[in-house]
Amino acid sequence: MSERSERTTGTAEPPAPAAQEQSVDPATEVFVAHRNLLFTVAYEMLGSAADAEDVLQETWLRWAGVDPTTVREKRAYLVRIVTRQALDRMRVLGRRKESYIGPWLPEPLLTAPDVAEDVELADSISMAMLLVLETLAPVERAVFVLREVFDLRYDEIAEAVGRSPAAVRQLAYRARAHVAARRPRGAVSPAQTRAALQAFQRAVETGELQGLVDILAPDVVALSDGGGVRHALLRPIVGADKVARLLAGGWWQREAERSVEPVQINGGPGLLIRVDGEVDGVVAVRVENGYVTGAYHVRNPEKLARVARETAVSR
């Protein structure tokens, strides 16, 4: 099933940041000021940039009918709208994932270098973290994102998810414990990240594995997402030897002109792969304690729109 087959078709578009260059009404000015934040909230809840944009459109339609002078805490008000819309959208995504062919990976974002400087933000949008968040129930995920990433008050979150503040505290506690047991850990230096990415780049470009095996963690996991449209792994590959053999055996090989560009994907190291000049996929690499613990390869064409240009994210 197409990733976007159930997207909304409304004609009203939310204003882009460039709208600030012209004279704008107060409602538009407020929305533009918070647009990147609202997109990030929706994306972290959904793992899909396309659906996050649809949620922004729906949020704008509701906000455009509000007199902003009557709203005291505009940021919280907008986050509440976007959260409710994202929770509704999760039901649509759940149906798509049930029929998805092969592993489902989040839609990758090409992010600016300064995103990595905000360690908490970069961690929250990383492929690894988004996959952990997939294991939470929808409301738990919303509560975790709003509390742990965006530091909203419990009463604000309660209004957004339709629960009491006491219930939200319990949900936050459970979600925090769940994520803590599964989230990737381990500090990594910029030098270690560069070494890991360079080793991966050599493997992709030449098939040369020297230096790669040494930086693969024993329990490294390789996942790929072709969406049933492009060739990809149908199940995770686990273990340094298996992942190395996978690379050596031609996971990346094609009889075509291939180029590999180091980029930042979801706030972390990644590779943008082009075949015959066209974007063929991206690989997000997770590095912990100097070792590669995860490689997330997205080839589904419907998930590659956001790697052509940088996407602004913020907290």
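This is a predicted model: local features need pLDDT of at least 70, side-chain atom pairs count only at pLDDT 80 or more; totals for chains, interfaces and linings use all residues.
**Notebook: a sheet, a helix and a threonine**

β3 and β4 (residues 268–275) run antiparallel to each other and are joined by eight bridges. Next I traced the whole sheet, which is open, has six strands with mixed pairing, and reads β2-β1-β6-β5-β4-β3. β2 (237–238) and β3 (258–265) are the edge strands with a single partner each, so one side of each has no neighbour in the sheet.

Then I checked what lies across the sheet. I found helix α9 (residues 190–206) there, lying across β1 (216–225), β3, β4, β5 (278–288) and β6 (291–298). Its direction is at about 20 degrees to β4.

My next stop was α7 (residues 154–161). How many of its eight residues are buried? Six are, so the helix is largely enclosed by the rest of the structure. I noted them down as Y154, E156, I157, A158, A160 and V161. Among the elements covering these buried residues are α3 (74–98), α6 (138–149) and α8 (165–182).

Last, I zoomed in on T59, which sits in helix α2 (residues 49–63). Is T59 buried or exposed? It is buried, with a relative accessible area of 0%. A polar atom of the T59 side chain lies 2.8 Å from the backbone oxygen of V55. Leaving out residues up to four places away in sequence, I listed F31, L78, I81, V82 and Q85 as the residues T59 touches.

Terms used
Residues are numbered from 1 along each chain as its sequence is written. Side-chain values use heavy atoms; hydrogens and water are left out. Buried means under 20% relative accessible area, exposed over 50%, partly exposed in between (1.4 Å probe, protein chains only). Helices (H or I, at least four residues) and strands (E, at least two) are DSSP runs, numbered from the N terminus. Contact means heavy atoms within 4.5 Å. Two strands pair if DSSP finds at least two bridges between them. Axes are lines fitted to C-alpha atoms, for helices over the stretch in contact, and angles run from 0 to 180 degrees between N-to-C directions. A polar contact is a pair of N or O atoms within 3.5 Å; within protein, one must be able to donate a hydrogen and the other to accept it, and residues adjacent in sequence count only if both atoms are side-chain atoms.
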